[in-house]
Amino acid sequence: MSTSRVYALIDCNNFFVSCERVFRPDLWEKPVAVLSNNDGCIVARSNEVKALGIPMGAPYFQWKDQLTAANVTLFSGNFPLYGDISQRIVTLIRRAAPTVEVYSVDESFVELSDLRVASYEEWALSLRNQIWQYLGVPVSIGLAPTKTLAKAAAEYAKKHPDNPGVYSILGDDDGRIDLLKWLPIGDVWGFGWRSSAKLRELGVATAYDITTLPDTWVQKHFTIRGLRTKLELQGVPALTVEAEHEPQASIARTRSFAHRVRNYHELEAAIANFAAVAASKLRASGEVAGGVVTFIRTGKHTEQQRSVSAYTPFSEATEQTGEIIEAALRNLQQIYDPDFGYKRAGVVLTGLATTGAWQASLFARQQDNGRNHALMAAVDEINSKYGVRLIKHATEGLGKDWRSKREMRSPNYTGNWHELPKVKA
DNA sequence: TCTGGGGTCCTCGGGCGT
DNA sequence: TCTGACGCCCGAGGACCC
């Protein structure tokens, strides 16, 4: 096994729950769960809630009684707050190491190979203590020769509270094998529930079992991605730490509705709103879109299912709210069928390019563009200043009949002056 | 009544040109 | 002029991640 590379995965424990507890220390060691948008499913659980046997992603309405009986404190997801705390954690990690890949809101990979430290384990322990001391968020850290193994090591650290929150399999191949024999196939990063069900049928129960299968067989049944995972588990790096921020390929705004939406005008208002929000995200990232996808779906659990989408390319890439809404609504007209009640819809902007870098069409409306650009900038500035979208396109409507439920949201403690935590004298 | 949102990557298959 | 084989491109859809 090559040990020339060293990767760390820093993984926040029960992240959304930990964020809520930062401002509610009374909930430490008490059962806490966080709900998705629309209060639909459970997306984060404290260890106490996990111990009750309530699974990740469980529909809230199915577990409501049990949660109440167990006196679980519930929060509607407060995603701006979690994003803010996440950024503060990343700042601390970047101070400790130069090559960081922010993988998700609660996980970062770090390349440590070129970092000159006496002990990687000491480095990890010190970072863990710092994040706990400054921000009050507990993390688990895995150290290994590949990213997939670092993920597994962090998982091991998290599941064994008797160790100090850091688990390393560096420089010891027996450690790697023991870890793989411990890791169930369903917990391997890269094999989802569908693939692991297929593997279990074939008698593959642990991560170790995968490493005994021939490369060609793994690639044939689980594509090139399955093969990469297998190599990584064997200690052969097949993935790198992507410290450079790759430009996004798409920007989406999608939501579930609080009730089934059948009425065209209600759907139209929702789509126009999604398109406007997506357009403003697009401008915030300094990009233009080459096309727009609109999709609408019935509930996944109703008898009559329908899931349809339509795509409209722009003759010239744009960041203009008006043009994006117009194209998104043209898509909607193509796919709308009044015989169905829709539960979810969305707008996805694709073919993104940096502003100014795209090929202007022969018929570019240069004068219009200058004026509209200034108008869009002014709208964005006003909406950002007030923290809500005060200025809207007429099609979006004033009310939001389709709006999601969020009945248990905590205050945005760090992102809104009016919601700062208060300290009693 | 009530089952998330925002992404990436990969495969497949139809349309099209040669 | 028609037809089949082949490769390329691109959109749709699935699997996966947190």
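How many residues line the second largest pocket, and which lie nearest its centre? The second largest pocket is lined by 28 residues, and Asn 38, Gly 40, Ser 256, His 301 and Lys 343 lie nearest its centre.

The structure is a predicted model, in which local features need pLDDT of at least 70 and side-chain atom pairs count only at pLDDT 80 or more, while totals for chains, interfaces and linings use all residues. Residues are numbered from 1 along each chain as its sequence is written, chains are lettered from A and ligands numbered from 1 in the order in which they are written, and side-chain values use heavy atoms, with hydrogens and water left out.

**Pocket and cavity**

Both kinds of space are found on a 1 Å grid over the protein atoms alone: a cavity is a set of points where a 1.4 Å probe fits but cannot get out, a pocket is an open set with protein on both sides within 12 Å along at least five of seven lines, and lining residues have an atom within 4 Å of a point. Grid points are joined across faces, edges and corners, and a volume is the space filled by probe spheres set on the points.

The second largest pocket has a volume of about 990 Å³. The elements that give two or more residues to its lining are α3 (60–69), β9 (250–261) and β12 (342–350); here helices (H or I, at least four residues) and strands (E, at least two) are DSSP runs, numbered from the N terminus. The largest share of this lining, five residues, is supplied by β9.

The structure also holds two cavities of 30 Å³ or more. The largest cavity has a volume of about 50 Å³. Among its lining residues are Ile 10, Cys 12, Phe 15, Val 105 and Asp 106. Two or more residues of the lining come from each of β1, α4 and β6, and α4 makes the largest contribution, four residues.

The table gives the residue classes, where Ala, Val, Leu, Ile, Met, Phe, Trp, Tyr, Cys and Pro count as nonpolar, Asp, Glu, Lys and Arg as charged, and the others, Gly among them, as polar.

| Contact of α4 with α5 | nine residues | one residue | two residues |

Five strands form an open sheet of mixed pairing in the order β5-β6-β1-β7-β8; two strands pair if DSSP finds at least two bridges between them. Since β5 (100–104) and β8 (166–168) stand at the edges with a single partner strand each, one side of each is left without a neighbour in the sheet. Neighbouring strands are turned by 15° against each other on average, direction ignored. Strands β1 (residues 7–12) and β6 (residues 107–111) run antiparallel and are joined by five bridges, with Asp 11 having Glu 107 of β6 as its bridge partner.

Helix α5 (residues 120–135) lies across β1, β6, β7 (139–144) and β8, running at about 165° to β7. Axes are lines fitted to C-alpha atoms, for helices over the stretch in contact, and angles run from 0 to 180 degrees between N-to-C directions. The axes of α4 (residues 79–96) and α5 come within 10 Å and cross at roughly 145°. In the contact (heavy atoms within 4.5 Å), residues of α4 including Arg 88, Ile 89 and Leu 92 meet residues of α5 including Trp 123, Leu 127 and Gln 130.

**The three-stranded sheet**

A further open sheet has three strands in the order β3-β2-β4, again with mixed pairing. Its edges are β3 and β4 (73–76), each with a single partner strand, so one side of each is left without a neighbour in the sheet. The twist averages 25° from one strand to the next. Helix α1 (residues 15–23) packs on this sheet, touching β2, β3 and β4, and its direction makes about 110° with that of β2.

Three bridges join β2 (residues 32–35) to β3 (residues 42–45), and these strands run antiparallel. Ala 33 stands opposite Arg 45, and Leu 35 stands opposite Ile 42. The β2 and β3 hairpin has six residues between the strands, and there Asn 38 takes a positive phi near 70°. Asn 38 is also one of the residues nearest the centre of the second largest pocket.
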